[in-house]
Amino acid sequence: QVPLVESGGGLVQPGGSLRLSCAASGSIFSISSMGWHRQAPGKQRELVARITNSGSTNYLDSVKGRFTISRDNAKNTVYLQMNSLKPEDTAVYYCYAFGVRVGTTSWVTDWGQGTQVTVSS
């Protein structure tokens, strides 16, 4: 069972928009926070945005005002609306969820498989 299933990546022109979605499977519950990291070729993975179960959000400085993270707690799904995309946003985007593994009392971080976002003319 894939822990997190992502969708919504693709190729977009500079200035365009994309919306990423990520749904957690039933293997994790009491999810405290969900979010997105990204990794560009030759660069370290960086946190793009995260949202807690109470709705508090944090953003990478370079995406503030352009990206919006939201969450549907009932569906254990997180979204990333990306507007005014720039070539430097090109990367593989990975979602994560931090919660309790079903059948245990262990807090774990599950990851998605990654989705490619390419911003190019």
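**Close-up 1. Arg38 and its partner Glu46 in the predicted model.** Arg38 counts as buried because its relative accessibility is 5%, below the 20% limit for that class. The side chain of Arg38 forms a salt bridge with that of Glu46, with an N to O distance of 2.8 Å. Glu46 has 30% relative accessibility and therefore counts as partly exposed.

**Close-up 2. Arg38 and Asp89.** A salt bridge also links the side chains of Arg38 and Asp89, at 3.0 Å from N to O. Arg38 belongs to strand S4 (residues 28-39), while Asp89 sits in the loop between strand S8 (77-82) and strand S9 (91-101), so this pair ties together parts that are 51 residues apart in sequence. Arg38 and Asp89 are both buried.

**Close-up 3. Arg101 and Asp110.** The side chains of Arg101 and Asp110 meet in a salt bridge, with 2.8 Å between N and O. Asp110 is buried, at a relative accessible area of 5%. Arg101, at 26% relative accessibility, counts as partly exposed, because that class lies between the 20% and 50% limits.

**Close-up 4. The network of Arg38, Glu46, Arg66 and Asp89.** Salt bridges with shared partners join these four residues, Arg38, Glu46, Arg66 and Asp89, into one network. Within this group, Arg38 pairs with Glu46 at 2.8 Å and with Asp89 at 3.0 Å. The count of salt bridges in the predicted model comes to five.

Methods: Residues are numbered from 1 along each chain as its sequence is written. This is a predicted model: local features need pLDDT of at least 70, side-chain atom pairs count only at pLDDT 80 or more; totals for chains, interfaces and linings use all residues. Side-chain values use heavy atoms; hydrogens and water are left out. Buried means under 20% relative accessible area, exposed over 50%, partly exposed in between (1.4 Å probe, protein chains only). Helices (H or I, at least four residues) and strands (E, at least two) are DSSP runs, numbered from the N terminus.
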